[in-house]
Amino acid sequence: MGYTVNEMIKPQTDWLTHVADVKRVGYGEKAAFRTKLEGVTAFIQAKGATPARSKIAHKQVTLDTVAVSARPVINVYELRTGRVQMADLIRDASYEMHVKQIQYIQQVLNAAASSWTAPFYATGSGIVKTALNPQIQHWMRTGAVALLGDIAIISKLADQTGFTAATSTQQFSPSIIDEVIHTGVIGVYYGAKVINLVNPYLSDNMTPVIDTKRLYILPSAASADMRPLKVLYEGDVQSTESTNIDDLAYEVRLDQWFGAGVVTGKTPAMSVYVDSSN
């Protein structure tokens, strides 16, 4: 019997919420992601003169989708006796599907961002002020800025908040020291709000889902539809179940169609900083 399970895959990390423009459509439907290329131009001229026309252009992109699937199986006797709960298997399968989706989407963004130029992409060994600060400055001209990253990289920001009063002495604000002691991170760096990314582990309980060496510089002035990372979910999670008459294996197949791409106009509406240290 086949049926649809709505929202089977629950988000385990808030990464997409911050960095992606996400759309959901029905099966067989396409979503058009639009990005403005040119805007209105104003002119100073003599009274009564005719200004030149401003051409408004957009780039419209549709995304192809791929499938992420899982197929948990259990002996029907183990299911009936309660030794194994099918709900637990479904939950585990859903989480693994979610992880595969996030890994795929990360690869799409990383491949595109590596070709961006400053101030939209920068690298450094650890946190390098001369590389990161200009990225923050660029977006602060548009309003508030947020820095999103794993605890491994945002915890390094605290070391950059001190100043050198003598040749060998670096001093820090007492409030910064207290904040790091209490929370492990600082709340604000160079005027930008610091957000500790929810980053659960893979099934090995050792490897985080999201790249721990990437810091995302996100301008608050950029609405969700301006984000360069586009993610499409086509339909709900499809669930199909069956029981094998020979070995009494009960199984459920879960499938979800999704796609990801990066669409930018003249420049991307975000920046990425990569920690190149080991």
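**Labels and their cut-offs**

Mentor: The charged end of Lys-23 sits over the ring of Phe-33, 4.8 Å from the ring centre. This is a predicted model, in which local features need pLDDT of at least 70 and side-chain atom pairs count only at pLDDT 80 or more, while totals for chains, interfaces and linings use all residues. Residues are numbered from 1 along each chain as its sequence is written, and side-chain values use heavy atoms, with hydrogens and water left out.

Trainee: What makes a charge sit over a ring?
Mentor: NZ of Lys or CZ of Arg must be within 6 Å of the ring centre and within 35 degrees of the ring normal. Arg-24 also lies over a ring face, that of Tyr-233, at 4.4 Å from the centre.

Trainee: Why is the pair of Tyr-27 and Trp-257 called edge-to-face?
Mentor: Rings of Phe, Tyr and Trp (its six-membered ring) pair if their centres lie within 6.5 Å; planes under 30 degrees apart count as stacked, over 60 as edge-to-face and the rest as tilted. By this rule the count comes to six aromatic pairs. For Tyr-27 and Trp-257 the centres are 5.5 Å apart and the planes make 85°, so the pair is edge-to-face. Tyr-27 lies in the loop between strand 2 and strand 3 and Trp-257 in strand 15, so the pair ties together parts 230 residues apart in sequence. Helices (H or I, at least four residues) and strands (E, at least two) are DSSP runs, numbered from the N terminus.

Trainee: What does strand 16 pair with, and in which sense?
Mentor: Two strands pair if DSSP finds at least two bridges between them. Strand 7 and strand 16 have four bridges and are parallel, with Ala-122 opposite Tyr-273. Strand 13 is joined to strand 16 by four bridges and runs antiparallel to it; here Arg-214 stands opposite Val-274. Both belong to an open sheet of six strands in the order 7-16-13-8-12-11, with mixed pairing.

Trainee: Why are strand 7 and strand 11 at the edges?
Mentor: Each has a single partner strand, so one side of each is left without a neighbour in the sheet.

Trainee: How do you know that the length of helix 4 is close to what is expected?
Mentor: The expected span is 1.5 Å times one less than the number of residues. Helix 4 has 12 residues and reaches 16 Å from its first C-alpha to its last, close to the 16 Å expected. Its buried residues are Ala-131, Leu-132, Asn-133, Gln-135, Ile-136 and Trp-139.

Trainee: What does Leu-132 touch?
Mentor: Contact means heavy atoms within 4.5 Å. Not counting residues up to four places away in sequence, Leu-132 touches Ile-127, Leu-157, Tyr-189, Leu-215, Ile-217 and Tyr-273.

Terms used:
Buried means under 20% relative accessible area, exposed over 50%, partly exposed in between (1.4 Å probe, protein chains only).
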